[in-house]
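This briefing is intended for a reader who has the sequence and coordinates at hand. Please consult the display below before turning to the points that follow.

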Amino acid sequence: MLQRYIAEATGFENIALAGLRMLANVAPDDKLELADKRLQPVELPEGELKTLQARALVKRPEMRQLSAGLQARREWMLAKKSESNPNLYVGVAGIISYSPLRDDLTSVSAYDPFNTAGATPILGLQWEWASGRQPAQVAQARAEMESTLALRTFAQRGIPFQVAEQYHTVHAHHEMVQKLYEGSRSGRRWMISSYADFEAGIEQADKVISAFLGYIQAYSDYLKTVNDYNLHVAKLQVVTGDVE
Amino acid sequence: MINVTNAMKYMGALLVGVLLLGSPVAAVQAPEVLVKETTDKITRVLRTSQDKIKAEPGHLLEIVDTIVAPHFDFERMSSWVLGKYWRKASADEKKRFALEFRTLLVRTYAKALNDNFDKQIDMLAPRKRKDGKQVTVRTEIQQSAGFPIPISYKMHMKEGAWKIFDVSVDSISLVANYRSSFAKEIRKDGLEKLITRLADRNRPSKAADTAK
């Protein structure tokens, strides 16, 4: 039984150390020592559920990705739509030449490209008409946009649920931590009282051991719950988008 | 496997602060200053005396008896612990009980202190009664794992010096605890039997058993 808990605790420790190494940019083989080895509950995250849900819809990376994706899909659909319109070209063509050593021909019937200047507007029109393919491409682009829209709608419903689920889990664990803290402190007081009486010769050793075991059990439960609570707080920070 | 000896050691550690009181000084010190200075002194002495304590376990009791005991008001503690039975007791019973009770406290806490002298002890703001005649000096012993252990000393002025008349460990008043436990024992077997039990428990061989 004890070995099971030791193995479980060692597993937690290794996971936490691996995470710390990654965050601190420490090589996996380097030694890492904690300045404070106590396990303490972190602060309860501030903010009401609605505030956290609204924040998640703004800060979650999925929401940002969906917004960017939706914008791109919309632009893509508009581009495909615009392909059904004719292309209109408008321009101005001009010529200028100057050759001062040549005689200037002034005859209107003679073409003299060496001393001349002029400009003319150009107007062009191109219409690529593909009766079946083009509307299909528009429909495909629209479908892709709508699928992204559907994803966003799903996320807008799902993310608040995720936040609510994690929020209530965190608050439930927070309360459990408070209760187990009190229980653990009571266990310790019982142990102190029993020990004091034992030292005075008016309490039996087995009673002291029972008190000791009761305290250890309560304290173990407390530590495990603190660990769970801290992990749930971290998860809440992820689902609200505060931590990516 | 948890054995009795280890359990005793662990629980003894919880009572460490009780002995953190120091040598008498000529001038009247503020109670919190007295506790702080004495804490520093006793931890320093214990740190430098470990070899001798290991060689001669009785030396630990000598240190604590010299440095700590003068700051306790054992007479008041004894009378409070026995309550109405103190008034009913003969002068001889009072004397013997006070002696055994004093030994019990010194013995119990000497071992606890020796196991924990290297822990960090934080001083908290003292609580003073309005009339200034009583002060509760509060400390916390930091644990490498686990909650800090709050230890508070109730002190009053007696014969020109602050003396401790109760110690609370994690909000357990030792005087109140013993008062309740001793009253039960006295009702069951009488004061004489209680004194005998205390004396038996305080005998060096028995004390050594629990100190291991």
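The points below cover domains, aromatic contacts, helix packing and selected residues.

The model is predicted. Chain A is divided into three parts by the domain assignment, namely domain 1 (1-37), domain 2 (40-80 + 132-239) and domain 3 (89-126). Chain B contains 10 helices and six strands.

**Overall organisation**

- In chain A, the centres of domain 2 and domain 3 are separated by 78 Å, taken over C-alpha atoms.
- Domain 2 of chain A is assigned as two segments, 40-80 and 132-239, while domain 3 of chain A covers 89-126.
- Chain B has 212 residues, of which 52% count as buried.
- Among the contacts in chain B with a separation of 6 or more, 58% are made by residues 24 or more positions apart.

**Aromatic pairs and the cluster between chains**

- Over all chains, the count comes to 13 aromatic pairs.
- One of these is the tilted pair of A:Tyr181 and A:Tyr222, with 6.0 Å centre to centre and 55° between the planes.
- This pair links distant parts of the chain, since A:Tyr181 belongs to helix 4 (residues 133-199) of chain A and A:Tyr222 to helix 5 (residues 205-239) of chain A, 41 residues apart.
- A:Tyr181 counts as partly exposed because its relative accessibility is 25%, whereas A:Tyr222 is buried because its relative accessible area is 5%.
- A:Tyr219 and B:Phe147 form an edge-to-face pair, at 5.2 Å centre to centre and with 80° between the planes.
- That pair joins two chains, because A:Tyr219 lies in helix 5 of chain A and B:Phe147 lies in the loop between strand 3 (134-141) and strand 4 (149-158) of chain B.
- Both A:Tyr219 and B:Phe147 are buried.
- A single aromatic cluster is formed by A:Tyr181, A:Tyr215, A:Tyr219, A:Tyr222 and B:Phe147.

**Charged groups over rings**

- Within chain B, B:Arg76 lies over the face of B:Phe165, at 4.0 Å from the ring centre.
- Between the chains, the charged end of B:Arg201 sits over the ring of A:Phe198, 4.4 Å from the centre of that ring.

**Helix packing in chain B**

- Two packed helices are described by the angle between their axes and the distance between the axes.
- Helix 5 (residues 74-82) and helix 8 (residues 174-189) of chain B pack at an angle of about 50°, and their axes are 7 Å apart.
- Helix 5 and helix 8 of chain B are therefore oblique to each other.
- On the helix 5 side of this contact in chain B are B:Met77, B:Trp80, B:Val81 and B:Leu82, which meet B:Val175, B:Tyr178, B:Arg179, B:Phe182 and B:Ile186 in helix 8.
- Helix 8 of chain B also packs with helix 9 (residues 191-202) of chain B, where the axes come within 7 Å and cross at roughly 120°.
- With that angle, helix 8 of chain B is oblique to helix 9 of chain B.
- In this second contact, B:Phe182, B:Glu185, B:Ile186 and B:Asp189 of helix 8 meet B:Leu191, B:Lys193, B:Leu194, B:Arg197 and B:Leu198 of helix 9.

**Residues with positive phi**

- Most residues other than glycine have a negative phi.
- A:Asn25 is not a glycine, yet its phi is positive, at about 55°.
- A:Asn25 is located in the loop between helix 1 and helix 2 (49-59) of chain A, and it is exposed, with a relative accessible area of 72%.
- B:Ser171 is a residue other than glycine with a positive phi, near 70°.
- B:Ser171 lies in the loop between strand 5 (161-169) and strand 6 (172-173) of chain B, and it counts as exposed at 58% relative accessibility.

**Selected residue separations**

- A:Leu23 is placed in helix 1 (residues 2-23) of chain A and is exposed, with a relative accessible area of 69%.
- From A:Leu23 to A:Asp104 the C-alpha to C-alpha distance is 83 Å, and the two residues are 81 residues apart in sequence.
- B:Ile67 lies in helix 4 (residues 58-67) of chain B and counts as buried at 8% relative accessibility.
- B:Ile67 and B:Val45 are 22 residues apart in sequence and 9.7 Å apart in space, C-alpha to C-alpha.

How values were computed
Residues numbered from 1 in each chain as written. Chains lettered and ligands numbered in written order. Predicted model: local features only at pLDDT ≥ 70, side-chain atom pairs only at ≥ 80, totals over all residues. Heavy atoms only, no water. Domains from an automatic or database assignment. Phe/Tyr/Trp six-rings, centres within 6.5 Å; stacked < 30°, edge-to-face > 60°. Helix = DSSP H or I, 4+ residues; strand = E, 2+ residues; numbered from the N terminus. Buried < 20%, exposed > 50% of the residue type's maximum accessible area, 1.4 Å probe, protein only. Lys NZ or Arg CZ within 6 Å of the ring centre and 35° of its normal. Axes fitted to C-alpha atoms, helices over the stretch in contact; angles between N-to-C directions. Parallel < 35°, antiparallel > 145°, perpendicular 65-115°, else oblique. Contact = heavy atoms within 4.5 Å.
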